[in-house]
Amino acid sequence: MLEVEGLWKAYDARPGAFSVREVSFSVRPGEFFTLLGPSGCGKTTTLRAIAGLETPDRGEIAIAGRAVFSSRTGVSAPVARRDIAMVFQSYAVWPHMTVAQNVAFPLEALGIRGAEAAARLARALEMVGLSAFRDRPAPMLSGGQQQRVALARAVAKQASVLLLDEPLSNLDARLREQMRIELRDLQQRLGTTAVYVTHDQEEAMALSDRVAVMDNGEIVECDTPEALYLRPRTAFAARFVGQADLLEAVPAAREEGRWWLDTPLGRLESRCPPAAGAAPFHLLIRPEHIEFAEGEGPNVRAGRIVRRVFSGRIVEYFVAVGGGTLRVQGTSRALLPPGQEVRLFLPPERCVVVAG
């Protein structure tokens, strides 16, 4: 449904001054695809280039098999001729219109009226929880409600590709979680292809079929949420997607499917060797994958709890081990006090070797 190939965009002529460089990806019909990364990594520039709001320096963009930008052939379709709908981070609602008029505006522009327009309008308003506000003037809504109007307006259009630039950022935590579920549910029911931009890794994990992690204008890694979290290939993706402890690691021995690495904690076994990449290596272990253990054994290390952070359901321990500190997460069913001596087991199948 969407093809992006070799996209470049620079905002001035200085060497190395670019926002996006050599970005390539494809999005299948009905897929929810997310661009995830820190501020300034190029994700919003990429989204705006797809929408036609930015003109790339070079590259190719095709929507539903039709080229909408090509530096090779000189094609550059205007925004109105790209079958897209977009939700911006800002509200972008018309203050002189009611909620219903805002949502219905793109339908009128497309010549959709009567029963079909009414049905699309009602469904979109219900999805974002604004059915009771349809006749309210837009300026009389809260910021979060205005952003939901923008989302409903985009959904009602039913374009081939839905582009979303951090649309939930202005909602409170509870409504944001609810909207994640409703947005994903609606996208799946409609079969809409969605490209989503966010810096929130939890949001990306919850919504997406695939996630492209971006840094410094490039896609560092692209995979399913499960693969990115459990088996990342790069140190940057491992750090950015969830909490992680990364240990410097030097390969000491290996056999099929198993590596032994020398780390600041001594020699550790990993059953998740890197799929590709060259030295330097790091050993990744997520805090929730480390287990409290008894006795001795491979991948067991002695330590002492130096700090405990209680946040209700989750308890995070900072454990001094071998001259460093590891984070360990557990539940509030059992609380261990600071100062307690413990043994930690790092499961080899959860010790992931990453490049970088």
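Residues are numbered from 1 along each chain as its sequence is written. Because the model is predicted, local features need pLDDT of at least 70 and side-chain atom pairs count only at pLDDT 80 or more, while totals for chains, interfaces and linings use all residues, and side-chain values use heavy atoms, with hydrogens and water left out.

## The chain as a whole

The protein chain contains 8 helices and 21 strands; helices (H or I, at least four residues) and strands (E, at least two) are DSSP runs, numbered from the N terminus. Its C-alpha trace spans about 75 × 50 × 35 Å along the principal axes.

Of the 356 residues in the protein chain, 48% are buried. Here buried means under 20% relative accessible area, exposed means over 50%, and partly exposed is in between (1.4 Å probe, protein chains only). The chain exposes about 16700 Å², and 50% of that is supplied by carbon and sulfur atoms; accessible areas come from the Shrake-Rupley method with a 1.4 Å probe, and for residues only the protein chains shown count as cover.

Among contacts with a separation of 6 or more, 63% are between residues 24 or more positions apart, where contact means heavy atoms within 4.5 Å. As for charge, the mean positions of the 42 positive and 41 negative charges are 3 Å apart. Lys and Arg count as positive and Asp and Glu as negative, with His and the chain ends not counted; each charge is placed at NZ of Lys, CZ of Arg, CG of Asp or CD of Glu.

Strands of a sheet pair through backbone hydrogen bonds, either parallel or antiparallel. In this report, two strands pair if DSSP finds at least two bridges between them.

Within the S15 and S21 pair, Leu 283 stands opposite Val 353 in S21.

In a regular strand the side chains alternate between the two faces of the sheet. Strand S20 (residues 341-345) has Val 342 and Leu 344 on a covered face, and Glu 341, Arg 343 and Phe 345 on an uncovered one. Two bridge partners in S20 can be named: Arg 343 for Ala 293, and Leu 344 for Arg 301.

| Strand pair | Sense | Bridges |
|---|---|---|
| S7 and S8 (residues 161-165) | parallel | 4 bridges |
| S16 (residues 291-293) and S20 | antiparallel | 3 bridges |
| S17 (residues 300-310) and S20 | antiparallel | 5 bridges |
| S15 (residues 281-285) and S21 | antiparallel | 4 bridges |

## Loop residues

Gln 340 sits in the loop between strand S19 (324-331) and S20. Its relative accessibility is 30%, so Gln 340 counts as partly exposed. Beyond its neighbours within four places in sequence, Gln 340 is in contact with Gly 303, Arg 304 and Ile 305. Gln 340 and Leu 164 are 176 residues apart in sequence and 48 Å apart in space, C-alpha to C-alpha.

Most residues other than glycine have a negative phi. Ala 64, however, has a positive phi near 55°. Ala 64 lies in the loop between strand S4 (58-63) and strand S5 (66-70), and is partly exposed because its relative accessible area is 49%. Gln 158 also has a positive phi near 55°. The place of Gln 158 is the loop between H4 and S8, and at 35% relative accessibility Gln 158 counts as partly exposed.
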